[in-house]
Structure formats: structure tokens, C-alpha cells
Amino acid sequence: MISLLWRILRTGNLTEPLPRIEPGEREQHAEGEGEIDRLNDEILAILGRALTIREVDAGSCNGCELEIHALNNAYYNLEGRGIKFVASPRHADMLLVTGPVTKNMENALRIAYDCTPDPKLVVAVGDCGCGCGEVGQLFNENYATCGPVENVVAVDVRVPGCPPTPIALMEGILAAVKRR
Amino acid sequence: MLFHAEPIEFSPQPGNGAPVWRGRAMDGEDLQRFAVSVHRHEGRIAAIWGEDRRREDGCYRLHCVFGLEEGHAWVTLDLPASGADCPFYPDLSGIFPTASRMQRATRDLVGITPDGGDQRPWLRHGAWPESWHPLRYDTVHEVGMGVGFPNLPSDYDFVQIGGEGAHEIPVGPIHAGIIEPGHFRFSVIGERVLRLEQRLGYQHKGVEHRLIGADLATGARLVGRVSGDSTCTYAWAYATALETACGVAVPPRALGLRALMLERERVANHLGDLGALGNDAAFAFGLTQFMRLKEDWLRLNAQLFGHRYNMDRIVPGGVAVDLDAAALRLVVEQCDAIDRQVKALRAIYDQHPGLQDRFMTLGPITAELARELSLTGVAARCTGIILDGRCHRQGYIPPAPYDALGVRPATDERGDVAARVAVRFDEVFESLRLIKELCAGLPEGDVRAEVAPVPNAAGLGVVEGWRGEVIVGVQLDGEGRIARAHPHDPSWQIWPALEHAVLKDIVPDFPLINKSFNLSYSGADL
């Protein structure tokens, strides 16, 4: 027990300050909405310290999930900033959806979307989920796949990348909140 | 040469990958007899897939890969296409139970059918009709929203239990957590699990269809995304298959760097799993500590290789990045730091009574079951089976550069969650040692050779990934593009082991047992 406490003490607080995003650096999010300031301040101001997210893997290779997991490590500390992943879409303000949406997940995704209370936000994650980039092209529509998330449910913000980094994910989540 | 005196003539596959022998079964009976004899000699079924060769050879081709003591036996069986719409082959699931799902998937995709066993669809949920097979060359694909087939929800014939107080708990496809989709049907009395049946295939995105006609570089990108957490493993197995097919000699430095990336992938995933296993036993400290170490690890990947998971860094012919001496020094320094930290954390895990109480005796599997289900990887080694493609064993020499590294296999005899935790800890330490050895002994020279596609060539690549044995089979067409490629994940075989592992426990223990295997949905759904 003492070694455990000692380790906690020695590790200290690792949470990093969030990056300041320069205007124009992420056009796909900014879309004329001006500068995105420090994410932390925005989250406090807009959300009153609480945003709940239901993550739906609708067909990814699990690469995006690895980075979504990383959001909760001590460096990014998403939960410490008031953003929490929840178990039910009924408890969620936002759906974080990775793709490409498979035909076998299409119905489940629609049901999850319908279960999420309004006003809901949808963030499509990854090149496959956004249908962009070379990888998005490789995983476009075919007999087993509906293609990007927007082909199945309305999408507010896209976070491209293969997989997108945790920082890009945080920016995308905030950009979605700002749109409302 | 012959194996077990069975009448299938084998020839060794050239190249610098893991040892593979290729053979052709003359008829179904030969294949079945060979399978029986492999089973009798404690061998494994490693992969099954089908191929439509009607245009080239007027037949369908069944591919079976068996794991033997000496290496892998890749057996093909040609099925005449004339007459019957669905050609039959002998059912292997009576010999190797885990062949069942592979056979069902082969039927869904190619339309060749075993003459017995489970005939329920596996990957086909209702998005396309039974008589339509996506991997046949003459199948017409109409895609696009509103085109093609209606996506109908389908009934699935779960095995049901009866009796007083018995009931079912359906879970999924969307699970409570950041995890891939799949459906688990628990049959329970009270809290005790009587039966678990999995229904997977929700991640099926037609990867094998996307691979048909792809050029070699595109194929590498696709195969590298079959299961994102094993991207280096898949990329290496695919590259080996191609290099074997095209007769390319990979520079030794490239092999060293590939092994470096593979071991880094192993450490990254084991660190994540060790943390998550602590968390699922309500020990959040473990998750916090291990995820922090994993993040440090991934950041060095990004700094040195340009990608946090090293996607697309292993390419046909070699690797896409080289490391200089300064970079190698950073890698070694990080290994020392992580080694110290993980040792301290292991002491905490081992001495924590509450944690050990959850881990011990939970989700047990036996060595007999592991053999019966053809398990590989941590799932096999946690039962005491010494099976690791990177290690020497009687009659087996691992592929370069592992042949010169003297990898020590990590095993545990208990077969429970505690054993899988212990094996992961041991493998982290061994991988850290290997990474340091690789850095110290990295040969000089090129890191990439040119791969000129050889028309109609074929090859098989086998790589021991962090989860188990990954296999990629590739067949090129007359123009040197991919005619058929099949990536095989060890999860195919290990998923059924999970159905057994939960039987002695209660529903609330399932997440921890599931995490202790940490299987890939996407890898097995393709």
C-alpha cells in the first residue's frame, strides 16, 4: 500500500495544458467561426463542466478506438476536464462515431442515434468515418459498407486522421460544441 | 516431402519468413485424413479461406493452413465448379472445432460449403441474399446508397437453454464502453453463466473484396488496417507473403527494424491491457499508470517513426523509415525507463490482495482446451503450452531476425486471468530486452528492396503478433495485382475459447475475462 501511495505521489500531476489553436490551422473545424481558444476555457464556458459522449464503433479497424482510449490517459485527462464517456446513448449529449459504417452495424447506429436525446451532436472520427483521404477512399462504399458516417446519420463535425491524434479528437469535440 | 506419412506431397516455401510448406490435396478424403493426422500429432488449424479460380483453372480452391511442430503446412484443395452451384468439401469442424466459423465465413463469401457441421451464416447478417457471394468473380456488385440489396435485420438461430429460472441476457452489438461491436448471448440461471454464444461479423467491411485487384502498395495499406492494434504484425505478414511470392530478399537492416516495430507494438498493447485489466478489477491506479507509460511509448513512435502506431511503416520489400544512432539511443533509454516502471508496478499488482483475488481462478482454460481449439498467442501460453513463432523449438527455427535473438517464451500453467496477466508482464520484459538487443545489433545497409510483382505467384506470411499468430496468404493475378488475399487473425480461434472460459463464473466477471483475452472483432470480421 505504501509503495502504491508513494508511486502516486512520485508520478504527480501529468495533465498537460491544452494547445492553443491558431486561426486557420484547422480549417475543417473553424469554418469561419473565428479562433478556437484554449479548449479548457471553452469547455467550462459552454458546457458548464459536463459533456457526455457515447462512442459508437460502427466498423472501424479499432485504430481510432486506441486513440479515443488515450483521451482518458493522464496527459489528456478528458474526464478531468468535464468530458465523460457514458454507457448508454440515452445519457449522451454527443455520439462519437468511427467507421466506415458497415451494413451489419447500420441499424444499430440508427437506433443509437434515435436513442440520443435532442439536441444531439455527432462527431465522425477517422478517415474512414469521414470518407476523406486515401484511407477513406480505400474503405468507401461496397457490398458490406455504407461508407462514411454521414451516409447514415447527420454529422456535425468531422475529425479526419488515420487514426486522428488525441489532440485532434479534443479539437473536434470542442468544435462540435461550438457549432450549437 | 510428407508429413505424418500422409499422401500429400509438400515442398518448402522459399524466402526469409517463417517456415511454410505447400501441398495440394488430390481429393477431399486426402485433406480430411491429413487434418485427422495433424490433430493426432497435436497440430492446429491455423486458417481456412476460399478462392474462386473458375476463370483461371475452372475450379474453386479451398485453402487450409495447419500449424505443425515444424512450421505451417499450406494445403489447397481444388473443387470442380461444374454442375452444383455450391461445391462441397469435407467438414473439418468435427476434427478442429474452431474451423467451424471459418467454414461458415467461406461459404458466405465464396459459396463453397462443408458437407456437415454448423450451416448458419456467419458474416452475412441480412445485407445480401444467401445465393449472392461477394468474392466470386462473376458476382455483380451494385453499391451506393439506395442501390444493391435492402439491409434486412435477420434472425439468428441462437442455441437456447430451457428449464426453470433459465433466462437470456443479450449484450450488444454496441457494448457499454469504447470497444468494437459484437453480440454476446448469455444464458444464465441467477447470476451463473450456463452458456455464452457469440455472434460476430458486425465489423465486416468486405476487406477481402477490396483487396481483389489492388496493387501491392494499396494491399499493404488495406491489410495494415484489418486490425489497427496489430498493424505492424499484419503489414509484416503481408510483406513476407509478397516477398516470398516475388522472390525478393529483404535487407537485414529492414528485418531488424521490422522486429523493432513488432516488439514495440507488443509492448504498447500489453501495457494498455495490463492497465485495463487493473481497471476492470476496480483498480483505477493500474489504468492510470499503465496508460501513461503507453502514451510515453506511443509518443516516441510518433517522434521516430512518424506515426503513433507505426501504420504503413512496414512495406513490401522492407521498411519506410530508418533510424539513426541517436534515435536508437532514445529507444534504448526508453526501454530502461519503462522496464524500471513496469517492475515497480508489477510488484504492486502482485502484492495487492484485492486485485489478485479477482484475477486468480477467474476465466480458466486448460491446455487440452487450448490444443483442441488451436489457440495461439497469450491464450495458448497462459495454459503452459510453449508456442511462440519467435522461439526455437524442436524442429522449428524462427524467421530472421528472431533466429539469432534467442527469444524466451513466457508461459504460465494456471490458465486463468492471473496467468494471462503474468504472461503479459513477462512478455513486456522480454520484448524490452529484445528491443535493446535489436538496437545494439542492427546491421548496416539498405532498408528497402524493390518488389517487382511476379504474375500468378503466391505466398504465405506468418508473424507472431502480440495477440497470437497472424497469417496472410496472397495470390497474384496475371498482371501482378492481387487476385486474392486473406488476412487471418488469431481471434478466429480464441473467440470460442472465451465461450468456454466464462462457464464457471458469473456475468459480472465477464468484462474482466473478456479483457484478459482482448480479442479483435475487426480482425476476425474482415
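**View 1. A:L51 and its bridge partner in β2(A).** The bridge partner of A:L51 in β2(A) is A:I83. Strand β1 of chain A spans residues 51-57 and runs parallel to β2(A), joined by 3 bridges. Two strands pair if DSSP finds at least two bridges between them. Strands (E, at least two residues) and helices (H or I, at least four) are DSSP runs, numbered from the N terminus. The model is predicted: local features need pLDDT of at least 70, side-chain atom pairs count only at pLDDT 80 or more, and totals for chains, interfaces and linings use all residues. Residues are numbered from 1 along each chain as its sequence is written, with chains lettered from A and ligands numbered from 1 in the order in which they are written.

**View 2. The open sheet of chain A.** It holds 5 strands in the order β2-β1-β3-β5-β7, with parallel pairing. β2 (83-85) and β7 (157-159) of chain A are the edge strands, each pairing on one side only. Neighbouring strands are turned by 25° against each other on average, direction ignored.

**View 3. Helices on the sheet of chain A.** Helix α4(A), residues 63-70, lies across β1, β3 (94-98) and β5 (121-125). It runs at about 140° to β3(A). Axes are lines fitted to C-alpha atoms, for helices over the stretch in contact; angles run from 0 to 180 degrees between N-to-C directions. Helix α8(A), residues 166-179, touches β1, β2, β3, β5 and β7 of chain A. Its direction makes about 175° with that of β7(A).

**View 4. Chain B against chain A.** Here 48 residues of chain B are in contact with 45 of chain A; contact puts C-beta atoms, placed from the backbone, within 7 Å. α8(B) gives the most to the chain B side, with 6 residues.

Definitions and conventions. Two residues are in contact if their C-beta atoms, placed from the backbone, lie within 7 Å.
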